[in-house]
Amino acid sequence: MEKNTTIRAEIEKYIQSEGISMQCFADASKVNPGTLSGILNRNPPRPISVNQLDLITEAMGLEEGSLFEMYVDECFIHSLPHWRRLRPFLLRCSELNKLDCIRSVLGYLMDDLSNVPAIFETAEAMFEDGRHEASMLLYDCVIESEKYTHSERLAISYFRIFQIQIKDNQRNLKAAVQFHLYRSRLPEIYALEGLHMLSQVFALKMQWSEMEMYADELRELAQALYRNRNRFGDD
């Protein structure tokens, strides 16, 4: 495919080369004919959803995700970016391990810090789905954007990266060292696990003083949470 070509141009070229009508292609792709007409003929063109892109890609006999690089341009160059399209696209990229496409999207988004909350929420969705390598790209983006703040998002992003890398003997110590500065900013729901993970890593590295420090913090936090629960329970 030619560089800088558009998805619309590829669809038109395919329809012409196959000698079929737009209606036939709409039937083959299961994209509504009116929607397909809006994509190809309206000015400005109708935006393409990720689901429609997948249907079109399959109808053209192409590999899944093969039009994703063009779609990045569709989202940022040929139209205004909108999270209603970007979030499903980023999640689909994570499913297909299209990490370069995710990096390209983030490169555009970082120009506007108002995107950070949505980037973080999308990272959390990827993490919950087990798409850890993709989610780390987004958490790194949050960290870079909020490194001079005291935001909860920043602390959780370091915590998530630590969770992902804890079983990697080559990276877990670095992740622990980065995370430990932010452990006190975590919500209580994560704080206990974070301290337990820190004590585990430093025990495995036989750094006993650090291990004991985090174990003490873990015990103190657990006791405080237990006291608070009993106090509110009595009320």
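The model is predicted, so local features need pLDDT of at least 70 and side-chain atom pairs count only at pLDDT 80 or more, whereas totals for chains, interfaces and linings use all residues. Residues are numbered from 1 along each chain as its sequence is written, and side-chain values use heavy atoms, with hydrogens and water left out.

The axes of H6 (residues 83-95) and H7 (residues 99-109) come within 9 Å and cross at roughly 150 degrees. Helices here are DSSP runs of H or I with at least four residues, strands being runs of E with at least two, numbered from the N terminus. Axes are lines fitted to C-alpha atoms, for helices over the stretch in contact, with angles from 0 to 180 degrees between N-to-C directions. H6 and H7 are therefore roughly antiparallel (angles over 145 degrees; under 35 is roughly parallel, 65 to 115 roughly perpendicular and the rest oblique). On the H6 side, the contact (heavy atoms within 4.5 Å) is made by Trp-83, Leu-86, Phe-89, Leu-90, Cys-93 and Ser-94, and on the H7 side by Cys-101, Ile-102, Val-105 and Leu-109. These residues comprise nine nonpolar, one polar and no charged; Ala, Val, Leu, Ile, Met, Phe, Trp, Tyr, Cys and Pro count as nonpolar, Asp, Glu, Lys and Arg as charged, and the others, Gly among them, as polar.

The loop between H6 and H7 contains Asn-97 and Lys-98. Phi of Asn-97 is near 60 degrees, a positive value in a residue other than glycine. Asn-97 is exposed, at 52% relative accessible area, while Lys-98 is partly exposed, at 27% (buried is under 20%, exposed over 50% and partly exposed in between, with a 1.4 Å probe and protein chains only). Beyond its neighbours within four places in sequence, Lys-98 is in contact with Glu-64, Gly-65, Phe-68 and Cys-93.

Helices H8 (residues 116-128) and H9 (residues 132-146) have axes that come within 8 Å and cross at roughly 155 degrees. H8 and H9 are therefore roughly antiparallel, and their crossing is left-handed. Among the residues that meet are Ile-119, Phe-120 and Phe-127 in H8 and Leu-138, Tyr-139 and Val-142 in H9. By class, the contact of H8 with H9 has eleven nonpolar, four polar and two charged residues.

Ten aromatic pairs are found in the whole structure. Rings of Phe, Tyr and Trp (its six-membered ring) pair if their centres lie within 6.5 Å, with planes under 30 degrees apart counted as stacked, over 60 as edge-to-face and the rest as tilted. The rings of Phe-159 and Tyr-190 have centres 5.3 Å apart and planes at 35 degrees, so this pair is tilted. It links distant parts of the chain, with Phe-159 in helix H10 (residues 152-165) and Tyr-190 in helix H12 (residues 188-204), 31 residues apart. Phe-159 is buried at 0% relative accessibility, as is Tyr-190 at 19%. Ring pairs link Phe-159, Phe-162, Phe-179 and Tyr-190 into a cluster.

Most residues other than glycine have a negative phi, and most peptide bonds are trans. Lys-30, in the loop between helix H2 (22-29) and H3, has a positive phi near 65 degrees and is exposed at 68% relative accessibility. A cis peptide bond, with omega about 0 degrees, joins Asn-43 and Pro-44.

Technical notes. Left-handed = near helix turned anticlockwise from the far one by under 90°.
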